[in-house]
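Here is a short report for someone meeting this structure for the first time. Look over the chain before reading on.

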Amino acid sequence: MHRKHHIITAALLSFLVCACTTGAGHLSEEECGWRLEARISDLNNPERIDSKVSYSGTYGERTQFETGDCFGLFVLDEAGIAVTCNVKAYCSGTDNRGNSVWSVFKAGTSDAESSNQLLSEILSGGSRYFAYYPYKAELDTVTSAASLHSFVDASYHSIPSDQSASTVDCDLLVASNMEGMPYGQITVSGRSVTLTFAHLFAMLRFAVPAGAVKYDYLFGGEDFTPYLSGSVDGMDIYRYIFNPGCILDICVKYVHNGKLYRFETGNRKDLWPLTTVAGNCYCLDPDAPKVPHHVAVDMGTSVMWAPFNMGAEDDLTATSQNIGTLKGNYWMWGVNCVSSSFGSSAYQKYNNSFTAATKPCDLPAGYDYSGDPAYDAARNLWKGEWRVPTFAEWEELYAACKVSVSDGIITFTSKTTGNSITLPFAGYNNGTPTTLNYGYYWSSTSNPDNVAKAKSTFFRDIGSLAGLNSNADRYTGLPVRPVYTAR
């Protein structure tokens with residue numbers, strides 16, 4: 001099988017076995033009467049491509065069977081007894097339509113270009129089928145459905161953590177219509193049998209600059225060694241096969257040009273658990289959102305609202321239950337990175353490391369930076385479609401919600417969807433942190449009449465809205481509650 005890249009992403013091909021007699025050549029379907037077709041199913045899920053680990057097929061992987069590839073086929077009766085054991089289907093090339101041509105062989109026989117097994121004898125012997133790839137001669141002695149179940153179960157425990165060599169032997173595809181075998185699919189219609197293979201395992205894929213040196217690769221807190229599958233556009237492409245059904249917790253560190261780089265999944269402390277699925281490819285993408293979009297809350301407005309403040313996801317005390325009440329970090333207006341100091345003098349030094357960009361303090365009155373990574377902390381750090389809300393979007397939230405306050409927490413409850421988000425009172429920091437019974441949150445919109453000011457929220461602990469503030473000093477550190485526009 002062609003493995004320039006790995007066979008996990010979407011792929012669909014079919015082949016026709018017409019080897020009905022021994023000897024060279026293949027009879028037509030009309031002559032042999034039996035038809036065997038096989039394909040590999042597309043199990044990728046496009047609905048979750050916005051997560052830090054995504055299913056996007058970045059490197060264009062496809063499955064192609066090549067001459068010499070073999071899969072094994074069992075035929076069983078209703079009682080689960082194998083009437084035909086481990087028949088080898090051997091790819092001997094392609095026909096004039098580009099479909100793979102397969103020959104079939106009795107267990108224990110060698111490969112050749114011609115079949116030595118009648119297709120009609122194989123397929124008509126029973127009603128239950130089990131097929132798998134790649135072919136293993138040691139399964140010649142398997143004679144029951146129970147033994148095939150044991151083979152599949154054992155495969156889950158045989159994946160090595162060091163996959164520096166090729167992983168073909170542990171990349172198992174299965175097609176079956178046996179009871180209790182929910183892998184792949186086999187359908188029978190008259191004398192036509194269709195095998196739809198599915199991967200039993202999932203795969204991690206990531207790319208680092210060619211020549212980069214591994215510093216640390218951790219999967220679930222344990223060291224792993226991926227397989228270098230190839231290079232594309234100056235990037236080394238790595239892959240790693242693992243069991244489905246686990247929570248992704250991956251950290252990759254590497255050294256390139258003397259600097260240490262790191263990227264990881266968005267599942268720290270299991271705040272946003274992403275459970276792996278068989279047959280899916282999970283791509284570590286440094287440009288994908290740090291916080292998955294699917295955690296956002298529909299408040300009946302034009303944008304989706306994050307359920308917690310920026311920086312709360314890195315709080316060591318954060319849990320999925322309390323994260324909405326944590327203050328997160330303070331941010332000066334238009335500064336796209338975490339600040340260690342606040343106030344007028346600190347504000348002057350920030351140009352976001354974009355040498356061509358105007359400093360935030362020099363942006364004109366009335367400027368709105370929402371979505372611009374040069375100034376928008378949410379877009380720069382959370383990535384994806386996250387951004388700091390505009391002043392108009394804050395106004396829309398207040399108009400769309402019922403507002404209540406309790407114990408230093410303001411709760412917005414949508415009048416249309418019934419969903420709620422909570423925002424803690426965090427005060428502000430203009431050089432010295434000041435915690436007040438007020439809630440200030442930045443918008444991305446500056447004051448059109450005063451170049452030193454920008455617009456923010458302003459609410460109090462007595463339950464009444466004091467107003468949406470237009471006169472916060474840009475150099476003041478306030479919390480940020482990101483939004484994104486659903487597509």
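The report below covers the overall build, the aromatic pairs and the cysteines.

**Overall build**

This is a predicted model. The protein chain has six helices and 31 strands. It holds 487 residues, and buried residues make up 51% of them. Contacts can also be sorted by separation along the chain. Among those in the protein chain with a separation of 6 or more, 64% come from residues 24 or more positions apart. The accessible surface of the chain comes to about 20,700 Å². Carbon and sulfur atoms account for 48% of that surface.

**Aromatic pairs**

The structure holds 32 aromatic pairs. A pair of aromatic rings is described by the distance of the centres and the angle of the planes. Two of the pairs are set out here.

| Pair | Centre to centre | Angle between planes | Kind |
|---|---|---|---|
| Tyrosine 132 and phenylalanine 151 | 5.6 Å | 65° | edge-to-face |
| Tyrosine 440 and phenylalanine 458 | 5.2 Å | 20° | stacked |

Take the edge-to-face pair, tyrosine 132 and phenylalanine 151. This pair links distant parts of the chain, 19 residues apart. Tyrosine 132 sits in strand E7 (residues 128–133), and phenylalanine 151 sits in helix H3 (residues 145–155). Tyrosine 132 has a relative accessible area of 0%, so it is buried. Phenylalanine 151 counts as buried because its relative accessibility is 13%, and the cut-off for buried is under 20%.

Now the other pair. The planes of tyrosine 440 and phenylalanine 458 lie at 20°, so the pair is stacked; stacked planes are under 30 degrees apart. This pair also links distant parts of the chain, 18 residues apart. Tyrosine 440 is in the loop between strand E26 (438–439) and strand E27 (442–446). Phenylalanine 458 is in the loop between strand E28 (453–456) and strand E29 (459–460). Both tyrosine 440 and phenylalanine 458 are buried.

Ring pairs also build a cluster. They link Phe206, Tyr217, Phe219, Phe224, Tyr238, Tyr240, Phe242, Tyr254, Tyr261, Phe263 and Tyr282.

**Cysteines**

How many disulfides does the structure hold? The count is zero. A disulfide is a covalent bond between the sulfur atoms of two cysteines. Two cysteines can be described by their accessibility. Cysteine 246 has 25% relative accessibility, so it counts as partly exposed. Cysteine 337 is also partly exposed, at 25% relative accessibility. Partly exposed covers the range between the buried cut-off, under 20%, and the exposed cut-off, over 50%.

Key
Residues numbered from 1 in each chain as written. Predicted model: local features only at pLDDT ≥ 70, side-chain atom pairs only at ≥ 80, totals over all residues. Heavy atoms only, no water. Disulfide = S-S within 2.5 Å. Buried < 20%, exposed > 50% of the residue type's maximum accessible area, 1.4 Å probe, protein only. Phe/Tyr/Trp six-rings, centres within 6.5 Å; stacked < 30°, edge-to-face > 60°. Helix = DSSP H or I, 4+ residues; strand = E, 2+ residues; numbered from the N terminus. Contact = heavy atoms within 4.5 Å. Areas by Shrake-Rupley, 256 points an atom, 1.4 Å probe, with all protein chains shown as cover.
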